[in-house]
Amino acid sequence: MTSRVVVEADGGSRGNPGPAAYGAVLSDADSGEVIAEDARTIGVASNNVAEYSGLVAGLRLAVEHAPGAAVEVRMDSKLVVEQMSGRWKIKHPDMRVLAAEAGEIAPEGTTYTWIPRARNAHADRLANEALDGVREGVTVAGAGPAADPVEERTAEGAPDEESLIEEIESPGATRGEQPRDQAGHRGWSGPGAPPTTLVLVRHGVTRHTAAKRFSGGLGGDDPALSEEGLAQARDTADWLTGLGERVDAVVSSPVRRTRETAEVVAARLERSVSVEPGFAEMEFGEWDGLTFSEVAERDRPGLDAWLGSMDVAPPGGESFATVRERVLAGLERVLAEHAGRTVVVVSHVTPIKTLVAHALGAPLEAVYRMELSPASVTVLSFYADPAADGAARGSMRLYNALPPGERATVEPGRW
């Protein structure tokens with residue numbers, strides 16, 4: 001009888017939420033021989049729910065096919081491993097139910113180990129086979145041939161790439177095959193050095209945010225975070241703790257509300273804060289502290305001109321074009337200093353939208369088509385492009401995400 005077994009589990013959603021499936025493998029811990037496999041679709045679900053479903057399935061395999069054996073669970077989802085180990089809170093109601101089910105099934109003494117995605121390829125392949133319609137249900141070793149294997153690929157689409165989004169419990173990550181560029185490289189990375197990833201955090205609210213007033217950079221009133229803003233910063237900081245040692249630095253705009261938000265985040269991540277002036281908010285000059293309606297009453301021609309051109313600035317302020325120039329200069333400095341690493345950048349609405357437009361190759365006017373919540377998280381990765389003399393190409397991995405439980409409380413238009 002097998003005395004020690006290993007459960008490897010994974011799950012994925014093509015759309016998050018979207019069509020989802022899981023894969024689970026039960027193996028002898030000493031010989032490595034596969035005892036049983038399970039791969040099933042679960043309808044429409046999120047990545048995290050699919051991963052938890054894979055965990056439950058794997059534990060059921062252990063109870064049924066290796067009763068009495070010591071169980072070690074290995075997964076590439078740090079979220080599931082940390083939550084099942086009791087180190088992270090479980091906030092999402094669907095995952096609470098699945099975690100409770102897993103806890104009831106797991107034999108006493110079950111341990112949970114995080115492994116890199118590349119080492120979880122077997123379970124990942126099973127999940128993809130289920131999604132591709134070539135496998136469904138349990139296969140027991142020696143009980144008949146399994147389905148023909150398909151090309152192994154990660155559910156994220158990029159081989160061997162650890163999922164940053166999973167590690168911050170993202171509600172917005174997608175799974176499935178990423179596009180290829182003209183050279184045939186998967187995703188946007190191509191060969192060569194790893195990307196530099198920016199985890200962009202908008203500051204928490206201030207009294208100006210709540211009153212919907214123009215609030216610029218250092219040339220304005222420079223308000224502090226309100227109590228609500230501090231609470232938002234703490235929630236986001238707690239959410240980002242899953243990044244752990246992957247964070248190379250915390251970089252902040254020099255403006256007070258961003259520095260205060262950055263200090264909260266940096267303390268949680270055990271990092272210091274450095275300042276990048278390029279990421280400061282647009283200067284609104286004479287409009288600073290006024291509402292949109294007040295500006296329209298006092299300076300309608302100026303407001304119309306500003307809204308009609310990226311090159312027009314408020315009186316005494318900056319244009320969008322000017323802001324883009326300094327934001328991209330700041331980006332170049334950060335990419336040079338932290339190449340290939342993950343950096344948390346605490347900034348403002350205009351710089352973050354500008355960076356998103358730049359990463360997507362969109363015109364600057366795209367900033368008018370984006371909304372960004374206070375204390376939200378946006379993730380961009382930048383890859384060195386040898387074909388463009390080393391210039392960085394960007395991709396957006398997450399946009400305007402909020403800690404679990406916060407989405408329902410955000411009022412549209414508040415920001």
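Is Arg 125 buried or exposed? Arg 125 is buried, with a relative accessible area of 12%; buried denotes under 20%, exposed over 50% and partly exposed the range in between, using a 1.4 Å probe and protein chains only.

Before I continue, please note that this is a predicted model, in which local features need pLDDT of at least 70 and side-chain atom pairs pLDDT 80 or more, while totals for chains, interfaces and linings use all residues. Residues are numbered from 1 along each chain as its sequence is written, and side-chain values use heavy atoms, with hydrogens and water left out.

Arg 125 forms a salt bridge with Glu 129, with 2.9 Å between the closest N and O atoms. The criterion is a side-chain nitrogen of Lys or Arg within 4 Å of a carboxyl oxygen of Asp or Glu. About one helical turn separates these two residues, which lie four residues apart in helix H4; helices are DSSP runs of H or I with at least four residues, and strands are E runs of at least two, numbered from the N terminus. Glu 129 is buried, at 0% relative accessible area. A network of salt bridges links Glu 37, Arg 125, Glu 129 and Arg 135.

Asp 304 is partly exposed at 39%, as is Arg 300 at 42%.

Finally, Glu 72 and Arg 74 meet through their side chains in a salt bridge of 3.0 Å, N to O. Arg 74 is partly exposed, at 24% relative accessibility.
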